[in-house]
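This report describes a single protein chain for a reader who wishes to inspect its coordinates alongside the text.

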Amino acid sequence: MSPKMTVMLVIFFLYTTIHQLSPVFSSDPDPVQDYCLPSPHTKLCKNTSSITVDDFIYSGIKHPGKFTNKFSGVPVSASVFPALNTLGMSLVRADFEVGGINVPHYHPRATEVAYVLEGKVYSGFVDTSNKVYAKVIEKGEVMVFPRGVLHFQMNVGDSRATIIGSFDSQNPGSVKLPTALFGSGIDDELLEKAFGLKGKDIDKLKKRFRE
């Protein structure tokens, strides 16, 4: 066997071994076909004869969504863009008025890559050792938020900011801490003890974040 062939075999076996032993897996199962646009009448995929190029195009994030407290988030998942079904990815458009924030939250099923389209955004996350990684990122920059870690964003510029977030799951999930803690019905006594707050303070927070 030639030296070149020996090197190629070593590389192949190393690659195969590393990927077999690697603990890293994709968030969603690998697709077994090119695409699967769900039929509106059955749980099966639509017949390709009824699919056109327009099925693979979505225009719903050309503009910001409705703003609440200076923030707007427009998710793009398979529920609104069926072409994403089985592809293991989704998107979100986030817009911030000056001073607007995306409250601390996490995605239990996906890593997020956030790309700044416009503006300056204080962006960061907290890892499981409570270490904060945060910095102001600007137009053209990207930040990654590992799956399941708490992260946050705030517009610190003097004009509107826009971010496009990409997820490696078609259903990343989103748990917003203020709503999860004070809008979900957790017992008041537990919250008082956990945060050192009085009952009236808990009531105010619950009224604010109750959905």
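## A buried histidine in a strand

At 2% relative accessibility, H151 counts as buried; in this report, buried denotes under 20% relative accessible area, exposed over 50%, and partly exposed the range in between (1.4 Å probe, protein chains only). H151 is located in strand β8, which covers residues 150–155. Helices (H or I, at least four residues) and strands (E, at least two) are taken as DSSP runs and numbered from the N terminus.

With neighbours within four places in sequence set aside, H151 is in contact with V103, P104, H105, Y106, H107, E112, G124, F125 and F145, where contact means heavy atoms within 4.5 Å. The side chains of H151 and H107 are joined by a polar contact of 3.4 Å. A polar contact is a pair of N or O atoms within 3.5 Å; within protein, one must be able to donate a hydrogen and the other to accept it, and residues adjacent in sequence count only if both atoms are side-chain atoms.

## Basis and confidence of the model

The model is predicted: local features need pLDDT of at least 70, side-chain atom pairs count only at pLDDT 80 or more, and totals for chains, interfaces and linings use all residues. Residues are numbered from 1 along each chain as its sequence is written, and side-chain values use heavy atoms, with hydrogens and water left out.

The average pLDDT of the protein chain is 87, and 87% of the residues score at least 70; pLDDT is the predictor's confidence in each residue, from 0 to 100. Over residues 4–25, pLDDT stays under 50, and the model has two contacts beyond four places in sequence for this stretch.

## Overall architecture

The protein chain contains four helices and 10 strands. Along the sequence, these elements follow the pattern α-β-β-β-β-β-β-β-β-β-β-α-α-α. Of its 211 residues, 29% count as buried. Among contacts between residues at least 6 apart in sequence, 67% join residues at least 24 apart.

## The five-stranded sheet

An open sheet is formed by five strands in the order β6-β5-β8-β3-β10, with antiparallel pairing; two strands pair if DSSP finds at least two bridges between them. Strands β6 (132–138) and β10 (175–176) stand at the edges with a single partner strand each, so one side of each is left without a neighbour in the sheet.

Strand β3 (residues 101–106) and β10 run antiparallel and are joined by two bridges. The bridge partner of H105 in β10 is K176.

## Annotated positions and the largest pocket

The unreviewed UniProt entry assigns the annotation "binding site" to H105, H107, E112 and H151. These residues span 47 residues in sequence, yet no two of their C-alpha atoms are more than 11.8 Å apart, so they gather at one spot. The lining of the largest pocket includes H105, H107, E112 and H151. On a 1 Å grid over the protein atoms alone, a pocket is an open set of points with protein on both sides within 12 Å along at least five of seven lines, and lining residues have an atom within 4 Å of a point.

The unreviewed UniProt entry also lists N102, H107 and E112 under "binding site", and N102, H107 and E112 are likewise part of the lining of the largest pocket. UniProt positions are given in the numbering used here, feature names are shortened, and annotations may be inferred rather than shown by experiment.

H105 lies in strand β3 and counts as buried at 3% relative accessibility. Its side chain reaches the backbone oxygen of V103 at 2.7 Å. Beyond four places in sequence, H105 is in contact with V149, L150, H151, S174, V175, K176 and L177.

H107 occupies the loop between β3 and β4 (112–118) and, at 6% relative accessibility, is buried. N102, in strand β3, is buried at 8% relative accessibility; not counting residues up to four places away in sequence, N102 touches F71, F96, F152, Q153 and K176.

## The pairing of β4 and β7

Strands β4 and β7 run antiparallel and are joined by four bridges, with A114 opposite M143 in β7. Strand β7 (residues 142–145) has a covered face, M143 and F145, and an uncovered one, V142 and V144.

Conventions: 1 Å grid on protein atoms, 1.4 Å probe; cavity = no way out; pocket = protein on both sides within 12 Å on 5 of 7 lines; lining within 4 Å.
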